[in-house]
Amino acid sequence: MKKITYFPGCSAHGTSKEFDETVKMVMKRLDVQLEEIPDWNCCGATSAHTMSEPLAYALPLRNLILAEKLDNTTMAIPCASCYQRMKVTKTHLDHNPALSKDIATTIVDEGSYQGKVAVKSMLQYCYEDIGLEAIKSKVTRSLAGMKLACYYGCLLTRPKAITQFDSPEYPMSMDHIVEALGAKATEFDYKTECCGASFSISNTEVVISLTGKILEMAKESGAHALVVACPLCQSNLDMRQPQIEKHNGQKYDLPVFYFTQLMALAFGMPEKELMFKKHIVPVEGALAQIGKIDPEPEKVKKPVKAVEAESEVI
């Protein structure tokens, strides 16, 4: 069994508990042991980096130092915000070793940063390290019939120089994973648009506007549900959806799943253990699509003469 370091983040024990629990289920089924960082601290998202640059580096730095003590080569992080703060800090420290010494004065008796642990989002780890074939091999219940809009948000693939994962404009890793589970990923142009993140509390109108456009485009793509890899994105799209529907005068009825919930479902794990009841938007309608496969439309063949005529014009 492979072992990796796991940083759950603050939301894992509350608002995104279903993400945390299904990550653990899925990793166990894939023969990956998660070793949680002992005595980990908040990474500072989303306020620390807007108030104090040294603090913004110091909080993730302590976690990185603690992670190195576990002697694993990779740390996987489910939360996109936590991943972003940890990855940004690691990149700056790796390019400027003196920075870690300056910041270390705020961290007491934790040791020094060595830069020997790779930091990856859980989505990235599933796609790059585990791989699609291994994921497919664990599927016992195909999700064929479900059409899913994969929403990445703005932190998992940006900036490209730091994340070094997938396309910053039109990523496909999550799309490939849900298709490995048997579902169909829809063509969805808003997959990296910002949802408003933590403005959900301080500036709700902005979040309603941004998430409303995301929901509208997901619905237009023909999706039965959205799939995410970020607690803030899930919260804004799911919790705020009834409010957005009222504001826009439209009914979206789009459940918002974590990609690991769908992996666990496809791996044959009982629905009652996947915490679907925690969702604001009911999931039953989307799950009912499993097994309902629309026939592929017949392709219209051009008459040979028409093709020849077009060739002559060209």
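These legends describe close-up views of one predicted model.

Local features need pLDDT of at least 70 and side-chain atom pairs count only at pLDDT 80 or more, while totals for chains, interfaces and linings use all residues. Residues are numbered from 1 along each chain as its sequence is written, and side-chain values use heavy atoms, with hydrogens and water left out.

**View 1. Two domains make up the assignment.** The domain assignment gives domain 1 (2–123) and domain 2 (137–300). Domain bounds come from an automatic or database domain assignment. The two centres, taken over C-alpha atoms, are separated by 25 Å. Domain 1 brings 28 residues to the contact, and domain 2 brings 31 residues. Contact means heavy atoms within 4.5 Å.

**View 2. An open sheet has the strand order β2-β1-β3-β4.** Four strands form this sheet, and their pairing is parallel. Strands (E, at least two residues) and helices (H or I, at least four residues) are DSSP runs, numbered from the N terminus. Two strands pair if DSSP finds at least two bridges between them. The edge strands are β2 (32–36) and β4 (118–121), and each pairs on one side only. From one strand to the next, the twist averages 40°. Axes are lines fitted to C-alpha atoms, for helices over the stretch in contact, and angles run from 0 to 180 degrees between N-to-C directions.

**View 3. Strands β1 and β2 lie side by side as a pair.** Strand β1 covers residues 2–6 and joins β2 in the parallel sense over five bridges. Tyr6 stands opposite Glu36 in β2. A salt bridge also links Glu35 and Lys3, with the closest N and O atoms 3.5 Å apart. Glu35 is in strand β2 and Lys3 is in strand β1, 32 residues apart, so to speak of the chain, the pair links distant parts. A salt bridge is a side-chain nitrogen of Lys or Arg within 4 Å of a carboxyl oxygen of Asp or Glu. The structure holds 15 salt bridges.

**View 4. Two helices lie across strands of this sheet.** Helix α4 (residues 80–95) lies across β3 (74–77) and β4. Helix α4 runs at about 155° to β4. Helix α6 (residues 122–130) lies across β1, β2, β3 and β4. Helix α6 runs at about 105° to β4.

View 5. The size of an interface is often given as the accessible area lost when the parts come together. Glu18, Arg29 and Leu123 supply 29% of the area that domain 1 buries against domain 2, more than any other three residues.

**View 6. One salt bridge is counted between the domains.** The side chains of Glu18 and Lys278 form a salt bridge (3.1 Å, N to O). On the side of domain 1 that touches domain 2, α1 (17–29), α4 and α6 each give two or more residues. Helix α1 gives the most, with nine residues.

**View 7. A second open sheet has the order β6-β5-β7-β8.** Four strands form it, with parallel pairing. β6 (184–185) and β8 (256–258) stand at the edges with a single partner strand each, so one side of each has no neighbour in the sheet. Strand β7 (residues 225–228) pairs with β8 in the parallel sense over three bridges. Val227 stands opposite Phe257 in β8.

Terms used
Buried area = accessible area lost by both parts, 1.4 Å probe.
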